[in-house]
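Please keep the sequence and the model at hand while reading.

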Number of protein chains: 2
Amino acid sequence: MTDYFELVKAAQRRLAGHAHVTPIMTSKTLNRMTGAEVYFKCENLQRMGAFKFRGAYNAMSQLSDAQRKEGVITYSSGNHAQAVALVGRILGIRTTVVMPDNAPAVKRTATEEYGARVVEYNPAETTREEVSKDLLGRHNYTLIPPYDHVNIVAGQGTAALEMFEDLKSLDMLLVPCGGGGLLSGSAVAAKGLHPACRVIGVEPELADDATKSFRTGTLHTVHNPPTIADGTRTPSLGKLTFRLVREYVDDMQTVSEAAIMEAVKFLFYRMKIVVEPSGALGLAALLNGSISHKGRIGIILSGGNMDGVTMKQILNDERNGVYNYRRS
Amino acid sequence: MTDYFELVKAAQRRLAGHAHVTPIMTSKTLNRMTGAEVYFKCENLQRMGAFKFRGAYNAMSQLSDAQRKEGVITYSSGNHAQAVALVGRILGIRTTVVMPDNAPAVKRTATEEYGARVVEYNPAETTREEVSKDLLGRHNYTLIPPYDHVNIVAGQGTAALEMFEDLKSLDMLLVPCGGGGLLSGSAVAAKGLHPACRVIGVEPELADDATKSFRTGTLHTVHNPPTIADGTRTPSLGKLTFRLVREYVDDMQTVSEAAIMEAVKFLFYRMKIVVEPSGALGLAALLNGSISHKGRIGIILSGGNMDGVTMKQILNDERNGVYNYRRS
């Protein structure tokens with residue numbers, strides 16, 4: 001039987017000196033507002049701006065020389081694409097990224113700037129899996145999937161592992177959930193070190209497939225959910241991540257679009273950090289009152305890659321009142 | 001003769017446990033772009049979001065019991081007002097802040113939330129100095145000026161002092177300049193520890209009074225300059241800060257509005273931190289090519305208090321091209 005916790009610890013050794021050990025931040029204002037003691041793990045300050053670097057590096061650094069020579073492929077228009085491209089540059093591995101032709105130009109440019117070859121497809125005509133399969137048939141690429149792989153999950157778990165090493169204990173850990181790579185890795189790390197820590201996955205109400213899957217035991221899917229949290233628009237948990245989430249995660253919470261935007265604004269105005277909507281899900285669950293726990297709460301801020309259009313949309317949203325913008 | 005460096009060291013002891021020792025951040029992308037080794041002192045992550053907490057705490061914690069009982073007064077619509085209000089709350093000192101009646105509501109609200117009494121005046125009819133003088137005549141308040149006081153200057157110098165303690169040496173230090181409190185304090189600290197470090201003050205081209213004063217030896221003033229860097233809209237250096245800037249600072253640089261906005265965007269998109277326009281002046285001087293030095297450069301990011309309107313204005317500005325938004 002696979003010892004997933006050992007794999008997370010091995011990933012941490014592999015990442016040492018390559019990934020940043022990201023800082024942990026606190027907010028006196030938030031602690032006063034909530035009565036809890038909140039610790040933020042700032043993966044928005046990770047290399048390429050998101051935790052995805054951890055999984056990509058853990059997976060790609062384990063490839064054989066022969067595999068490295070042939071290159072890798074992935075499908076993603078988000079942070080995983082940039083992570084694979086950057087790790088490829090660092091390790092000298094050619095990278096190919098399959099992306100829909102309607103992906104924002106800025107994301108394509110960023111991926112290409114890290115040195116990846118981008119292959120576009122028309123999502124009305126085919127799927128990214130089909131295009132990848134076709135390319136895999138014609139090349140000896142290794143596929144680096146965005147979440148449903150043990151080496152990806154183990155790499156993503158290192159962020160929570162660092163948190164527990166720094167903070168010693170936590171009563172609760174709030175983790176964003178898209179495909180479940182970060183959530184299952186974090187839960188494995190938490191339960192490995194502090195089984196009493198409650199691990200809670202958070203996803204948008206508009207993309208609540210993982211919550212339904214968690215509650216029912218049957219894998220639910222959503223199709224292109226219209227949430228602002230673009231990192232959670234994945235259709236469903238993966239085969240592996242579904243199993244790990246069911247086994248290691250204590251509960252799931254959903255949050256409204258308004259709560260997500262409120263959380264991004266709090267981080268902007270009060271904490272002076274840039275966190276993308278998907279990255280702010282944990283704080284959204286705390287701010288909207290879903291979590292009433294008063295003890296030591298860890299929150300993983302999973303990424304900070306946000307375009308100006310999204311930031312402006314959020315700053316324009318005043319459903320939750322205008323924040324004033326001071327720290328205390 | 002006053003030993004200003006000793007006063008900065010004494011301020012540091014006074015601030016211990018009250019002000020944050022703010023983190024120092026780096027950017028591989030920026031180092032690659034500039035060929036230099038750049039270190040950012042993140043005073044945007046200081047309490048109330050700016051270095052101003054340091055000077056206010058240093059000044060107000062030295063008041064006698066009798067002075068504390070009578071309360072303090074200041075005039076400012078910016079970060080100094082919030083700093084005095086917050087320190088007042090911490091030390092149990094009543095605070096009165098004189099503010100123009102056209103100050104943004106959000107600034108007034110923030111000051112009041114920290115517990116200050118705000119006294120408004122009509123800037124078309126009178127000046128903040130007149131209103132303060134009138135209030136001082138009727139109450140036994142102590143005036144806590146925004147920059148032109150030795151205890152304020154000494155407090156502001158502690159940010160640079162921390163930088164040198166962390167980094168051991170720097171070849172150059174870039175510091176925003178408004179009224180000159182942060183700049184003169186930083187220069188005193190730098191020259192006290194590493195006399196060879198070149199200290200350069202940076203201000204907007206549109207508010208270049210300190211640069212002119214520095215070059216000519218005669219105090220120049222500007223009237224309400226239309227720069228986006230609202231923290232530098234002060235009319236001139238103070239009596240003390242002018243003398244200290246002339247004595248301790250090596251050079252002054254000015255930067256365009258476009259360069260300031262470019263710097264704010266770089267910090268937002270690449271470094272995932274929120275820095276207000278005045279706080280980004282040092283980086284603006286580096287990005288616009290004014291500074292060609294390739295060694296170890298320290299930059300003080302002086303504050304992060306920015307309203308949504310200003311952020312949106314900056315995100316809308318594409319004169320310098322669209323940044324893509326990844327870290328490497």
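The points below treat the conventions, the interface, the core and selected charged residues.

1. The model is predicted, so local features need pLDDT of at least 70 and side-chain atom pairs count only at pLDDT 80 or more, while totals for chains, interfaces and linings use all residues. Residues are numbered from 1 along each chain as its sequence is written, chains are lettered from A and ligands numbered from 1 in the order in which they are written, and side-chain values use heavy atoms, leaving out hydrogens and water.

2. At the interface, 43 residues of chain B are in contact with 43 residues of chain A (contact means heavy atoms within 4.5 Å). The two chains bury about 3500 Å² between them, 58% of it on carbon and sulfur atoms; buried area is the accessible area (1.4 Å probe) lost when two parts are put together, summed over both. Zero salt bridges are counted between chain B and chain A, a salt bridge being a side-chain nitrogen of Lys or Arg within 4 Å of a carboxyl oxygen of Asp or Glu.

3. The largest nonpolar core has 84 residues, and Leu283(A) and Leu283(B) have the most contacts inside it. Such a core is a set of buried Ala, Val, Leu, Ile, Met, Phe, Trp, Tyr and Cys residues joined through side-chain atoms within 4.5 Å. Buried means under 20% relative accessible area, exposed over 50%, and partly exposed in between (1.4 Å probe, protein chains only).

4. Lys41(A) belongs to strand 2 (residues 37-42) of chain A; strands (E, at least two residues) and helices (H or I, at least four) are DSSP runs numbered from the N terminus. Lys41(A) counts as buried because its relative accessibility is 0%. A polar atom of its side chain lies 3.0 Å from the backbone oxygen of Thr22(A).

5. In chain B, a salt bridge joins the side chains of Arg54(B) and Glu162(B) (2.8 Å, N to O). Arg54(B) lies in helix 3 (residues 52-60) and Glu162(B) in helix 9 (residues 158-167) of chain B, so the pair ties together parts that are 108 residues apart in sequence. Both Arg54(B) and Glu162(B) are buried.

6. A further salt bridge links Asp250(B) and Lys191(B) (2.6 Å, N to O). Asp250(B) is partly exposed, with a relative accessible area of 30%, whereas Lys191(B) counts as buried at 19% relative accessibility.

Technical notes. Polar contact = N/O pair within 3.5 Å; in protein donor to acceptor, adjacent residues only side chain to side chain.
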